[in-house]
Amino acid sequence: MAMASLARRKAYFLTRNLSNSPTDALRFSFSLSRGFASSGSDENDVVIIGGGPGGYVAAIKAAQLGLKTTCIEKRGALGGTCLNVGCIPSKALLHSSHMYHEAKHAFANHGIKVSSVEVDLPAMLAQKDNAVKNLTRGIEGLFKKNKVTYVKGYGKFISPNEVSVETIDGGNTVVKGKHIIVATGSDVKSLPGITIDEKKIVSSTGALSLSEVPKKLIVIGAGYIGLEMGSVWGRLGSEVTVVEFAGDIVPSMDGEIRKQFQRSLEKQKMKFMLKTKVVSVDSSSDGVKLTVEPAEGGEQTILEADVVLVSAGRTPFTSGLDLEKIGVETDKAGRILVNERFLSNVPGVYAIGDVIPGPMLAHKAEEDGVACVEFIAGKHGHVDYDKVPGVVYTHPEVASVGKTEEQLKKEGVSYRVGKFPFMANSRAKAIDNAEGLVKILADKETDKILGVHIMSPNAGELIHEAVLAINYDASSEDIARVCHAHPTMSEALKEAAMATYDKPIHI
C-alpha cells in the first residue's frame, strides 16, 4: 500500500523551499518595519493593479506578510469580473434556476405537490445582486482589517515603480511601489463582425441581467461559460441552441466524460450545432438573425433568436496600462511573459492571473497572487498548473483535475482506468439524483493518480479529495483504503479507486 508518509510530506516541502537560494532571499528582502500610511501616493512595498481574485488576495497576503500594500481597482467594487459579473452572480442564477426547475419537474417524485410555480425574474436577479453586494463589501472589510490601502481608479504605468491613477471621482494620483503586480484579469473575446450591445447581442455580463426570459437563445461557444449561462435560461424556459466551431463541447474535458455530459444537456433540451461557423449576425430587426455554415465550408443556414450570447472565450485585459512604455514583453495572445517568480522582463514588475499563461480561473489567480507576494517577501511560492481543478457548474456538474485520457495517450503514458457510476451509489439513488460517474486514471506501474474526472451533482465539491491526492502523489489504492462515510456521494470516488487498482465492491 502506497500511503503518503509524514516523512515524505516533510521532504516534499523541504525540497520546495531549498530552491530559495540565499542570493534570491537577499534580492527580494527588504525592511518590513514601517508605519501604515493612509495615502496611496506614498511609496509602498507592493502595489497591485486590479482588485479581482488574484489582486485582492495578493494584497491581503502581502499585508499579512508585513508589506505596505496598495491595491488599485478601476471598477470601484472589489472582486473583479469573478465576483461582480462572473463566477458569483452566475452561480447565484444557476442555483436559483435549478431550484425553479426542481420545483417544476422533480418535486412530485418526492411526494411534494405544488399547485403552480412561476418565475419572478426581478426577484431572482435581486437575490443575485444582493449576494454580489455583500461579498464586495466583505472584501473591503478585509482590506480595512489587514490595513491595505484601496485606491479606486484606472491605473497605468509611468515607470516600473510608479502608477498614475485616474480616480473614479475625477481626480488623479500617483502610487509608488518597489514591486508592482499586474492583476487586471481578462475580458470577453470578441468575434469579427459581431457588435455586443448587451441587449440583444450579449456577453456573459449582459446574460446575467436580461430583463425577461428570451423565447429563443443562441449561445456562440460551447465552453464553461456558455454552457452554464445556457443552462440558466434553458431552465427558466428558453429554447437554447449552442453553436460551436469545434467538433466537441468543452474541448479540454476528458472525451468520455464530455460525451456523457453532452447527452445529459441534450436531455435537458439544449441543442448543439457543432463544427459550425458563424458567418454574420444581424440585429437590425426585432430579433437577431445568425447566418451559419459548416466549419469546413458549405451551405449557409439562417438561425433566429431573441437574444444571442457571445461566449467564445476570454482574452487578457492589459489595454491602457502602458506596458509598452516601460518595455514589458507580451506574447502573441497579449499575455505578459513572466518567470517562475511571476517577474516580467522589467525588474520590479510582476503579473498574475489571467494576464499570464495558464488556466483562466479565479482560483488559479488566487494561488498566483499568494505565491507572487511570497516570492517578493523572500519566501518561496508554488503553483502547479497541472493540478488546478476545473468545474462546470451545470446540473450535473463536471469537475476534473490532472490529465485526461486523451492527453495520456498522446504522451505515451501507460495507465489504468477505474470507473464507478452514481447509479450504483446508495446516496445518489436515495435522493433520486444518480446521473454521472467518477473516472480515475492512474499510472500502470506505480498506481500514482494522474487524473480524476467526475460528473455528478456537487462534483465541484467532490473533486477536492482527488486534488489533495494528486498534490501528494497518492495512488488509487491510497484513496480506496480510506474509510468514507456511508451513505455519501464521495463513496463513488472510493469505489472508482478500487476499480482502478483492483475491483469495486458495489458493481
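Colleague: Let's start with His486: is this residue buried or exposed?

Modeller: Happy to start there, and do keep in mind that this is a predicted model. The relative accessible area of His486 is 59%. A residue with over 50% counts as exposed, so the class of His486 is exposed.

Colleague: What does UniProt list His486 for?

Modeller: The record in question is an unreviewed entry, and its annotations may be inferred rather than shown by experiment. With that said, the feature that UniProt gives for His486 is "active site".

Colleague: Which residue has a side chain joined to that of His486 by a polar contact?

Modeller: His486 sits in the loop between α15 (476-480) and α16 (491-501). Setting aside neighbours within four places in sequence, His486 is in contact with Ser426 and Glu491. The side-chain polar contact of His486, at 3.0 Å, is made with Glu491.

Colleague: Thanks! Is Thr70 buried or exposed?

Modeller: Thr70 belongs to strand β2, which covers residues 69-73. Its relative accessible area is 0%. Under 20% is the cut-off for the buried class, so Thr70 is buried.

Colleague: How long is the polar contact between the side chains of Thr70 and Asn44?

Modeller: A pair of N or O atoms has to lie within 3.5 Å to count here. The side chains of Thr70 and Asn44 meet that cut-off, with a polar contact of 2.7 Å.

Colleague: How far apart are the end C-alpha atoms of residues 45-369?

Modeller: UniProt, in an unreviewed entry, lists this stretch as "domain: FAD/NAD(P)-binding". Over residues 45-369 the chain is 32% helix and 26% strand. The distance between the end C-alpha atoms is 15 Å.

Colleague: Which residues lie nearest the centre of the second largest pocket?

Modeller: This pocket holds about 540 Å³ of space, and 24 residues line it. The lining divides into seven nonpolar, nine polar and eight charged residues. Elements that each supply at least two lining residues include α5 (87-105), β8 (216-220) and β9 (239-243). Nearest the centre of the pocket are Ser238, Glu239, Val240, Gln268 and Lys269.

Colleague: And how much space lies in the largest cavity?

Modeller: The structure holds one cavity of 30 Å³ or more. Among the residues lining the largest cavity are Val188, Ser204, Ile225 and Arg314, and by class the lining has four nonpolar, three polar and one charged. The space in this cavity is about 60 Å³.

Conventions. Residues numbered from 1 in each chain as written. Predicted model: local features only at pLDDT ≥ 70, side-chain atom pairs only at ≥ 80, totals over all residues. Heavy atoms only, no water. 1 Å grid on protein atoms, 1.4 Å probe; cavity = no way out; pocket = protein on both sides within 12 Å on 5 of 7 lines; lining within 4 Å. Points joined across faces, edges and corners; volume = space filled by probe spheres on them. Helix = DSSP H or I, 4+ residues; strand = E, 2+ residues; numbered from the N terminus. Nonpolar A, V, L, I, M, F, W, Y, C, P; charged D, E, K, R; others polar. Buried < 20%, exposed > 50% of the residue type's maximum accessible area, 1.4 Å probe, protein only. Contact = heavy atoms within 4.5 Å. Polar contact = N/O pair within 3.5 Å; in protein donor to acceptor, adjacent residues only side chain to side chain.
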